[in-house]
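The report that follows goes through one protein model region by region, and the sequence and structure are shown first for reference.

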Amino acid sequence: MSQPWRAEAVFTESNTACKGEIAVIADRARVPASLASILAETELDMNGHVWARHHIDTARSAIRAGGDAFVAALARRMQGHGWAIAALPPTLPEPQLRCAAAGVLAAFGIPFFSIDGGNGLWLDGLSSPKRHAEAFGGLGAQAPHIDAPNVTSPPDYTALLMMRPDPADGGTSVLANLRAAVAELDDAERDLLRQKVFFEGRADGLHGVGDPLLPFPVLESLAGTGWIRWAGTMVTDPRNEPYFPVLQRFAEAIDAAAVRVRLRRGELLVVDQRRAAHGRDALGPQESVEPGHRRLLCQAKVRIEVTAPVQQALLRLGSVA
Ligand SMILES: [Fe+2]
């Protein structure tokens with residue numbers, strides 16, 4: 001099956017190869033410096049788990065006033081790949097980067113957090129050997145997945161803001177086109193994945209994502225439209241043992257559809273969870289990295305709001321995929 005989004009990919013500026021994989025970079029949508037400065041002046045106070053409405057409106061006003069080309073660039077990338085990278089000025093101090101990135105998320109919809117314990121909107125994943133290797137903030141590879149596949153309303157977008165890349169040059173982001181992977185399966189495999197029999201993790205104490213849905217179907221439709229509830233950890237979860245062969249087959253198809261990009265400081269990766277899974281390669285050797293210098297990635301979620309600038313731009317492009 002053809003994968004046009006691969007053909008559109010542009011090789012990294014550094015041409016750094018990642019473990020023999022094609023090192024791919026989608027050209028970034030650069031946030032104009034003037035717009036970034038305005039967005040950086042917002043604040044991160046929340047209304048419950050949702051970014052305060054007046055900040056969303058303020059950010060969108062600034063984006064509409066000075067970001068038409070930027071919004072169009074985001075929409076084109078989202079339409080083509082199912083993900084987009086907004087590049088904020090890397091020189092912005094950390095607090096301002098968080099605010100400016102929240103403003104960019106407001107262009108997609110309503111920014112929120114689904115997991116308590118963060119820094120306002122953003123949940124920090126400072127890398128540490130104390131975290132489970134595969135978890136957010138862990139040091140190992142993280143298999144492609146969507147966030148919260150085990151609830152009735154997974155986040156429409158997940159967002160990852162790179163505050164500090166791995167000094168040991170690991171932690172490359174992995175992005176996989178889920179619909180392309182579904183297309184690699186045969187009808188019998190797709191039928192199996194439509195059964196409501198699959199488990200992944202737990203779904204307790206989350207915000208803004210509906211109710212727990214365990215077990216769940218991986219596929220909502222044979223065509224692969226709608227949600228594709230997937231996490232690489234499903235292939236080893238004992239609850240899924242009767243279905244390990246088809247899960248393994250799907251995992252291989254997802255790996256085959258994956259591309260890689262190394263996020264730099266100030267880069268905000270926004271992923272359409274209906275279309276793409278995300279994960280990471282393992283971090284590099286950490287023995288000589290001071291704990292306070294380790295990779296710091298921050299996450300937030302977004303719920304689509306049709307009046308948001310990027311949604312409007314997607315409608316103009318004739319595709320909300
Ligand atoms: Fe994730």
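## A buried loop residue

Val 235 counts as buried, because its relative accessibility is 18% and the cut-off for that class is under 20%. This assignment, like every other in this report, refers to a predicted model. Val 235 is placed in the loop between H7 and H8, and, when residues up to four places away in sequence are not counted, Val 235 touches Trp 230, Phe 244, Leu 247, Gln 248 and Ala 251. Between Val 235 and Arg 249 the C-alpha to C-alpha distance is 9.5 Å, with the two residues 14 apart in sequence.

The loop between helix H7 (187-193) and helix H8 (244-256) also holds Pro 215. The peptide bond that joins Leu 214 to Pro 215 is cis, with omega at about 0°.

## The iron site

The iron ion has as its protein donors His 145 through NE2, Asp 147 through OD and His 278 through NE2, and these lie 2.2 Å from the ion. Along the chain, the spacing of the donors is H-x1-D-x130-H. His 145 is classed as buried because its relative accessibility is 12%, and Asp 147 is likewise classed as buried, at 14%.

## The loop between S9 and S10

Ala 148 is found in the loop between S9 and S10, and although Ala 148 is not a glycine, its phi is positive, at about 55°. With a relative accessible area of 17%, Ala 148 is buried.

Asn 150 belongs to the loop that runs between strand S9 (142-145) and strand S10 (157-164). Is Asn 150 buried or exposed? Asn 150 counts as buried, since its relative accessibility is 2%. Once its neighbours within four places in sequence are left aside, the contacts of Asn 150 are Glu 200, Gly 201, Arg 202, Ala 203, Asp 211, Pro 212, Leu 213, Leu 214 and Phe 216; one of these, Leu 214, is the residue joined to Pro 215 by the cis peptide bond.

## A positive phi in an exposed residue

Asp 169, which sits in the loop between S10 and strand S11 (173-177), is a residue other than glycine with a positive phi, near 65°. Asp 169 is exposed, with a relative accessible area of 52%, whereas Ala 148 is buried.

## Nonpolar cores

The largest nonpolar core has 47 residues, of which Leu 74, Val 104, Phe 108, Trp 122 and Leu 268 touch the most other members. Helix H5 (residues 94-106) supplies the largest share of this core, with 8 residues. Leu 268 is in contact, neighbours within four places in sequence set aside, with Ala 84, Ile 85, Ala 86, Ala 101, Val 104, Leu 105, Trp 122, Ala 159, Leu 160 and Leu 161.

## Packing of H4 against H9

Helix H4 (residues 68-81) packs with helix H9 (residues 309-317) at an angle of about 65°, and their axes are 9 Å apart. The crossing of these two helices, H4 and H9, is right-handed. On the H4 side the contact is made by Val 71, Leu 74, Ala 75, Arg 76 and Gln 79, and on the H9 side by Pro 309, Val 310, Ala 313, Leu 314 and Leu 317. Sorted by class, the contact of H4 with H9 comprises 8 nonpolar, 1 polar and 1 charged residues. Leu 74, which takes part in this contact, is also among the residues that touch the most other members of the largest nonpolar core.

Notes. Residues are numbered from 1 along each chain as its sequence is written. This is a predicted model: local features need pLDDT of at least 70, side-chain atom pairs count only at pLDDT 80 or more; totals for chains, interfaces and linings use all residues. Side-chain values use heavy atoms; hydrogens and water are left out. Donors are N, O and S atoms within 2.8 Å of the metal (3.2 Å for Na, K and Ca); water is not among the atoms, so sites may look incomplete. Buried means under 20% relative accessible area, exposed over 50%, partly exposed in between (1.4 Å probe, protein chains only). Axes are lines fitted to C-alpha atoms, for helices over the stretch in contact, and angles run from 0 to 180 degrees between N-to-C directions. Helices (H or I, at least four residues) and strands (E, at least two) are DSSP runs, numbered from the N terminus. A crossing is left-handed if the near helix is turned anticlockwise from the far one by less than a right angle, and right-handed if clockwise. Contact means heavy atoms within 4.5 Å. Ala, Val, Leu, Ile, Met, Phe, Trp, Tyr, Cys and Pro count as nonpolar, Asp, Glu, Lys and Arg as charged, and the others, Gly among them, as polar. A nonpolar core is a set of buried Ala, Val, Leu, Ile, Met, Phe, Trp, Tyr and Cys residues joined through side-chain atoms within 4.5 Å.
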